[in-house]
Amino acid sequence: MTDKEMNLSVNRVDKYSEIYVHVPFCVKKCDYCDFVSFARSEDTHKAYFEALNKQIDYKAEFTGKIPVDSVFFGGGTPSLVSAEYIVSTLNHLRERYDITDDAEITIEMNPNSASKEKIEMYKKAGINRISIGLQSTENSELKCLARPHNFEDFLETYKAVRDAGFDNINVDIMSALPGQNLESYKKTLKKVVELNPEHISAYSLIIEEGTPFYDLYGDGEMAGCGLNEVLPLPGEDEEREMYYETKRFLAKNGYERYEISNYSKPGLECKHNIGYWTGKDYIGFGIAAASLKDGIRYQMHSDLDEYIRGNFDEEREILTENDRMSEFMFLGLRMVNGIERTEFKRRFNVEPEKIFGKQLADLVERKLLVKRGDYYALTEYGLDVSNVCMAEFLLD
């Protein structure tokens with residue numbers, strides 16, 4: 001890739017960028033997961049992180065030491081690998097980028113994947129946010145998902161994270177799981193809230209092509225999930241009841257919904273993900289990681305062996321003005337506060353009504369969208385059918 005092709009200049013009104021580091025290793029790939037991840041040996045972990053630091057050097061030659069206010073180690077299971085690799089990479093990023101003193105630095109963790117010593121090393125290195133992938137408190141549901149942990153493992157991990165002094169923890173949970181019903185999902189919500197994490201991400205299971213779950217459920221058939229009984233997916237009505245119960249129960253217990261699937265205590269929203277939804281520039285490192293800089297999207301290949309050999313070539317997509325305006329609208333509307341008209345005009349030198357006037361007026365008339373001062377936001381009903389609303393903002 002040439003300097004001109006990379007074009008990772010910092011000539012933007014936005015002051016800060018974000019960094020994402022993909023760690024593609026897991027104990028075992030979950031049956032519903034379509035992320036780029038593998039089970040590999042320690043030797044491969046070592047070689048991957050050596051390549052990762054080389055890629056950081058490579059990209060930094062083009063970007064310069066730009067300011068960064070968010071770093072996110074995602075996966076895979078970043079906590080699976082040696083903590084020394086994570087700490088070394090974070091320190092390397094600090095050498096090549098201007099990571100602010102108050103930057104949000106997150107690592108994803110699965111229960112049973114990090115020892116007390118690892119967690120303490122994260123804390124000492126400056127990681128200040130932990131995201132734990134629980135998914136369910138019911139062990140039968142975890143078994144059906146082929147998760148390599150049970151609820152008791154999660155409780156041990158959560159306690160270790162708290163004991164290490166972390167005061168910003170996210171817990172991932174899922175609904176619409178095989179064998180799950182509204183009552184069992186209520187148990188998950190209740191048990192998680194009792195732990196008082198600062199942030200909860202609540203997703204509905206999506207059956208993705210290319211996964212074992214698609215082979216089991218993609219045609220609507222039920223499957224046994226390794227158990228001695230058939231475990232169906234919840235019906236559409238029950239799935240909607242789970243969705244409404246999430247909103248009701250978390251609001252009742254002090255969690256503010258700030259994005260379609262994300263809830264937090266006041267002031268503890270995930271800054272990194274908000275950056276994605278508001279069109280902030282980000283730089284991705286590792287296989288399959290994406291970057292967005294100055295209206296150009298870069299996508300790293302997914303070949304682990306090639307990456308370790310030092311092939312850091314990325315596909316490049318120059319976003320058109322229409323692409324960028326559409327993304328501003330349909331990503332921004334994921335946020336409960338919606339999109340800011342003034343910000344749209346600042347970025348594109350035109351008012352959103354000039355481009356999307358028909359769509360905005362139609363959604364307002366249908367009570368799917370509301371204008372609040374300088375913001376357009378989806379109504380509660382609009383958030384419930386958000387995919388339909390967001391599709392309105394796709395431009396040819």
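Before I go on, a note on the source. This is a predicted model, where local features need pLDDT of at least 70, side-chain atom pairs count only at pLDDT 80 or more, and totals for chains, interfaces and linings use all residues. Residues are numbered from 1 along each chain as its sequence is written, and side-chain values use heavy atoms, with hydrogens and water left out.

The whole chain next. It has 396 residues, and 52% of them count as buried. There are 16 helices and 15 strands; these are DSSP runs, helices being H or I of at least four residues and strands E of at least two, numbered from the N terminus.

Now back to A176. This alanine sits in the loop between β5 (169-175) and α7 (182-195), and its phi is positive, about 65 degrees. A288 also has a positive phi, near 70 degrees, without being a glycine. A288 is in the loop between β9 (282-285) and β10 (290-293), and is partly exposed at 24% relative accessibility. For background, most residues other than glycine have a negative phi, and most peptide bonds are trans. The bond from G75 to G76 is cis, with omega near 20 degrees. G76 belongs to the loop between β2 (67-75) and α3 (83-96).

Next, helix α13, residues 341-348. Which of its residues are buried? They are R341, E343, F344 and F348. Looking down the axis of α13, these fall within an arc of 160 degrees, so they line one face of the helix; the arc is that of the directions from the helix axis to the C-beta atoms. Their cover includes α12 (321-332), β13 (339-340) and α14 (352-365), by contact, meaning heavy atoms within 4.5 Å. After α13 comes N349, with a positive phi near 60 degrees.

E50, in helix α2 (residues 42-63), and I308 are 258 residues apart in sequence but 7.9 Å apart in space, C-alpha to C-alpha. E50 is partly exposed, at 41% relative accessible area. Across the chain, among contacts with a separation of 6 or more, 71% join residues 24 or more positions apart.

Definitions and conventions: Buried < 20%, exposed > 50% of the residue type's maximum accessible area, 1.4 Å probe, protein only.
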